[in-house]
Amino acid sequence: MNSERIRNFCIIAHIDHGKSTLADRLLEYTGVLSEREMQEQVLDKMDLERERGITIKAQAVRLDYKGYELNLIDTPGHVDFSYEVSRSLAACEGALLVVDASQGVEAQTLANIYLALEHDLEIIPVINKIDLPSADPDLVKGQLIDIGLEIEDAILTSAKEGTGIKEVLDAIIEKIPAPKDTVDKPLRALIFDSYYDSYQGVVAYVRIMDGSVKAGQRIKMMAGQKEYEVDEVGIFKPDMQRVESLSAGEVGYIIAGIKDVKNCRVGDTITLAENPAASPLPGYKKIKPMVYSGLYPTDNADYELLKDALEKLQLNDASFTFEPETSEALGFGFRCGFLGLLHMEIIQERLEREYNLDLVITAPSVVYRITKKDDGEELELDNPAKFPEPNEIEKIEEPFVRTEIYLPDEFVGQVMELCQENRGEFKDMQYVDENRVKLIYEIPLSELITDFFNLLKSKTRGYATLDYEFIGYKAAKLVKLDILINGEVVDALSTIVHQENAERKGRSLTRKLKKLIPRQMFEVPVQAAIGNKIIARVNIKALRKNVLQKCYGGDVTRKRKLLEKQKEGKKRMKQVGKVEIPQEAFMAVLQRDEDE
Amino acid sequence: MRSPRRLLWPFCRGMKMNKLVDFTRPFGLYIHVPFCVHKCNYCDFYSEAFNQGRIKYFLQALQRELELYAELLSAKEISTIYIGGGTPSLLKPSQLEGLLELIFNSFSFTGSREITLECNPSSLKKEKIAAFKKAGINRLSLGVQSFNERELKFLGRLHTPTQAIKVLEEVKKYFTNYNLDLIFALPGQSLEEWEESLKKAVSFKPPHLSLYNLQIEEGTVLDALLKEGKIKEVDDRLDAEMYLLARKVLQEKGYRQYEISNFARPGYESKHNLIYWQYQPYLGLGPAAHSFDGKVRFSNYSDLEIYCQRLSRNQLPVAGVTPLSRREQMSEMLFMGLRLIDGVSTGDFKARFGLELKEVYQDELNRLTGLGLVQFDEEQLKLTQKGILLGNEVFMEFLP
């Protein structure tokens with residue numbers, strides 16, 4: 001297709017502002033899917049995405065409208081996934097900015113606008129959900145003007161009711177620039193996403209920036225320098241559909257029998273082996289993970305399966321990192337880095353669901369900077385278990401974030417208290433409108449990644465939203481809190497806490513563990529310690545009697561089921577020394593302590 | 001979790017039952033009489049309200065069921081009969097006599113010839129006891145449960161301690177072989193109260209005692225009380241203390257513990273229940289009854305109406321059939337057999353499966369021996385004293 005008649009765009013929005021519903025309407029209006037075929041939110045392909053109502057992975061689809069080819073690239077909305085957003089943006093010339101007419105501009109809206117502007121995208125404001133009684137489009141327009149957007153052409157829609165959809169499509173054609181016609185240049189295709197198919201190998205989602213590509217040609221990965229022969233090129237409608245060729249400006253996929261996922265990284269540039277481009281496209285800025293935790297198979301025999309699964313997941317989520325680590329308690333596993341807690345949960349759930357793995361996940365940790373006493377050596381540690389002895393440490397620094405919390409003003413008191421309890425430092429408070437407030441705090445990231453977010457939601461009945469950015473390291477009086485079970489330190493349970501909170505946290509953690517660890521056939525002491533000093537102790541009493549006593553009558557099946565149930569419970573536990581510890585116990589530090 | 005391959009009976013209709021199931025050697029016969037005057041608060045066995053008309057209806061169907069199996073099975077010999085329920089002592093002695101006659105018309109009796117009748121002290125009058133004896137019953141199992149009035153009320157039993165005592169005195173006159181059931185670890189029960197009930201029971205010198213800790217089953221009255229928070233489950237430490245006390249008391253009085261919950265004077269072990277634990281075949285008749293032919297388990301509809309209707313059309317009232325894999329058979333043989341204090345004989349295991357027990361379960365046996373839960377030598381695998389208290393920890397190891 002002549003690149004004049006191509007438009008590549010994405011939709012950016014704050015979570016829950018109706019992005020996926022709008023995308024569905026666009027698909028429906030352009031006849032990609034009949035109403036009957038529409039499963040709600042077609043673009044959210046993963047079960048997990050549908051259940052949580054969020055988009056995790058970027059997705060692409062081609063719409064045909066008035067003789068134009070419109071490529072929609074869907075993007076995730078959550079703060080943890082801004083990396084994914086920036087990938088998608090690089091493949092587009094324009095963006096629909098969706099804002100909820102009743103909620104207005106939110107933290108994430110702003111973040112996304114800045115990202116879009118960084119990529120020189122044409123922004124079309126779409127004020128959605130105008131059917132809601134609380135909708136106030138004029139107020140939203142005011143907010144958009146404040147940000148510096150031109151809003152004369154803002155489109156009012158109700159994706160739910162299907163109003164304004166035609167206007168949106170027309171605006172895409174009129175306002176978003178066509179991609180440059182560079183079909184004569186050597187091929188450069190940007191891989192903006194990919195996944196692994198067990199039959200076909202890697203399926204790379206690409207935006208052709210220059211040149212063209214078709215089946216049978218030899219291609220080269222510019223970063224990996226590996227060469228492959230193209231089996232198939234195609235487009236998304238929204239299912240994969242083979243086409244003759246893809247040329248400059250188009251969005252589609254390339255399958256080239258790539259079996260090793262490492263050789264097809266998202267962000268890499270594909271060129272032709274025969275006539276390679278001189279230089280690759282600018283790749284993505286590698287984002288550094290903020291949160292680390294250990295992932296271990298419950299059954300040590302699943303180590304290789306876990307490794308394989310992590311490699312496949314990383315293929316289309318380069319923001320997540322992993323490297324092998326060993327824990328005395330848990331055996332062989334991986335230290336994984338995530339962008340945030342939600343990201344961690346998503347990866348964990350995908351591993352368990354899509355790869356059917358039983359996992360033990362250790363409590364998340366941030367990256368600490370440690371200066372050692374003797375030689376002044378500086379270490380960066382993301383695993384509390386690896387900390388040096390207290391007497392060897394000169395200084396510990398921890399990452400701080402600047403948080404912006406948007407909330408109704410009636411909750412301000414409670415939220416400030418919450419921030420203070422979590423070592424937050426108050427910076428600013430502003431009214432964004434009549435009764436919405438923006439609170440700015442600087443908080444240690446380690447506090448934020450425990451259950452801060454849940455507490456925030458529960459204290460504000462779900463009304464608060466939170467965004468944060470890393471601002472740097474600050475020194476703090478931190479100590480390593482060890483947990484001993486049955487007299488042995490369980491390295492996977494060690495955490496870093498502030499000195500002043502150590503005792504309270506130690507008591508709370510041992511109490512929580514007592515509840516989580518089932519009774520064993522012997523008494524099990526659970527202790528919290530700093531260095532050699534025990535600061536808290538509880539005992540889990542021995543299991544005295546566990547026997548099915550009444551066992552006559554011929555119904556053996558029922559007795560067997562009862563035993564099977566008991567056994568199933570055990571299978572999900574990890575044997576540490578002589579003690580069986582359930583998976584949840586390793587995340588105990590994240591759980592609310594009712595006695596607190 | 002593995003789901004057993006339970007075949008629903010309607011799907012097997014085209015198949016001849018004898019293709020799936022067969023008894024080739026003498027087996028135990030269980031008959032479920034599903035009637036009670038009042039359902040006990042802890043009971044989750046299938047039962048219907050007592051009513052003479054229904055009993056007749058049921059007995060007709062039962063006759064049909066006996067005849068159908070007599071035609072179907074190659075083995076015609078039974079070694080024990082156990083009439084349970086429900087409350088089979090609600091049957092008139094004449095009805096019982098008729099029932100036994102029907103059984104002997106269809107099957108011949110060999111071996112121990114034990115015939116047990118479960119009795120409820122509240123429905124057992126003096127005359128009935130003598131008449132049961134005359135009808136051919138040679139063993140009674142009495143659901144005494146407790147000699148404490150408050151506890152009996154809590155359990156929903158209809159008899160009082162005094163009634164139980166009177167019945168026991170009568171039973172002794174006619175039966176040398178009888179069992180007494182007691183329940184312990186009731187919410188609120190003290191160790192002393194348990195000791196009192198137990199000592200009272202022992203004072204009658206019954207040849208056999210079964211002791212159960214109270215198990216609160218789903219759907220019972222007690223389960224509802226538990227969920228409402230009105231009662232609390234007994235701590236397993238007290239439960240263990242009560243159990244150990246009972247073992248001590250009974251041992252001193254010359255009883256031998258032969259199974260986790262069962263105690264007998266030598267020679268008075270329950271032959272019928274031994275069939276279950278020794279993994280031998282048994283046929284269960286009546287609604288909700290379970291059967292096992294050595295390789296396949298099957299069970300009847302838990303509904304009197306469906307049960308009777310099917311039999312009136314000359315169809316077996318089987319609701320489902322579960323063939324067991326060899327691995328499942330091995331595990332069942334072990335977890336049933338380990339309930340016996342003498343445990344499982346390695347020779348029996350090899351004779352049945354052609355494999356050495358220690359080879360099939362090497363890892364499990366090492367682990368359990370290491371934990372001090374089982375004792376294993378060339379001849380026998382059995383629970384240790386510690387293992388008896390923690391039997392489930394052992395049994396589950398052998399599940400496939």
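Let's start with A:Asn356. A:Asn356 counts as exposed, because its C-beta neighbours inside 10 Å number 10, and the cut-off for exposed is 12 or fewer. Keep in mind that this is a predicted model. Where does A:Asn356 sit? Its place is the loop between helix H8 (341–354) and strand S20 (359–361) of chain A. Now the backbone. Phi of A:Asn356 is near 55 degrees, a positive value in a residue other than glycine. Most residues other than glycine have a negative phi.

B:Lys205 is not a glycine, and its phi is positive, about 50 degrees. Look for B:Lys205 in the loop between H8 and S9 of chain B. Buried or exposed? For B:Lys205, the answer is exposed, because 11 other C-beta atoms lie within 10 Å.

One more backbone point in chain B. What kind of peptide bond joins B:Gly85 and B:Gly86? A cis bond, with omega about 20 degrees. Most peptide bonds are trans. B:Gly86 belongs to the loop between strand S5 (77–85) and H4 of chain B.

Take helix H4 (residues 93–106) and helix H5 (residues 126–135), both of chain B. Their axes come within 9 Å and cross at roughly 15 degrees. So H4(B) is roughly parallel to H5(B). The crossing of H4(B) past H5(B) is right-handed. Which residues make the contact? From H4(B), they are B:Pro93, B:Leu96, B:Glu97 and B:Leu100. From H5(B), they are B:Lys128, B:Ala131, B:Phe132 and B:Ala135. By class, the residues of this contact of H4(B) with H5(B) are six nonpolar, no polar and two charged.

Second pair. Helix H8 (residues 191–203) of chain B packs with H10(B) at an angle of about 30 degrees. The axes of H8(B) and H10(B) are 10 Å apart. Therefore H8(B) is roughly parallel to H10(B), since angles under 35 degrees count that way. H8(B) and H10(B) also have a right-handed crossing. On the H8(B) side, look at B:Leu191, B:Trp194, B:Glu195, B:Leu198, B:Lys199 and B:Val202. They meet B:Leu238, B:Glu241, B:Met242, B:Leu245, B:Ala246 and B:Val249 in H10(B). The class count for the contact of H8(B) with H10(B) is nine nonpolar, no polar and three charged residues.

B:Gly284 is buried, because 23 other C-beta atoms lie within 10 Å, and 20 or more is the cut-off.

Zoom out to chain B as a whole. It has 18 helices and 18 strands. Of its 400 residues, 44% are buried. Take contacts in chain B between residues at least 6 apart in sequence: 72% join residues at least 24 apart.

Last topic, the cores. In soluble globular proteins, nonpolar side chains tend to be buried together. The largest nonpolar core here has 150 residues. Which members touch the most others? A:Leu72, A:Ala95, A:Val206 and A:Ile254. Strand S8 (residues 201–210) of chain A gives this core its largest share, seven residues. Apart from that core lies another, of 112 residues, including B:Leu168, B:Met242, B:Ile260 and B:Met336.

Beyond its neighbours within four places in sequence, A:Ile254 is in contact with A:Ala189, A:Ala204, A:Val206, A:Val213, A:Val230, A:Val233 and A:Ile270.

Notes:
Residues are numbered from 1 along each chain as its sequence is written. Chains are lettered from A and ligands numbered from 1 in the order in which they are written. This is a predicted model: local features need pLDDT of at least 70, side-chain atom pairs count only at pLDDT 80 or more; totals for chains, interfaces and linings use all residues. A nonpolar core is a set of buried Ala, Val, Leu, Ile, Met, Phe, Trp, Tyr and Cys residues joined through C-beta atoms within 7 Å. Helices (H or I, at least four residues) and strands (E, at least two) are DSSP runs, numbered from the N terminus. Two residues are in contact if their C-beta atoms, placed from the backbone, lie within 7 Å. Axes are lines fitted to C-alpha atoms, for helices over the stretch in contact, and angles run from 0 to 180 degrees between N-to-C directions. Angles under 35 degrees count as roughly parallel, over 145 as roughly antiparallel, 65 to 115 as roughly perpendicular and the rest as oblique. A crossing is left-handed if the near helix is turned anticlockwise from the far one by less than a right angle, and right-handed if clockwise. Ala, Val, Leu, Ile, Met, Phe, Trp, Tyr, Cys and Pro count as nonpolar, Asp, Glu, Lys and Arg as charged, and the others, Gly among them, as polar.
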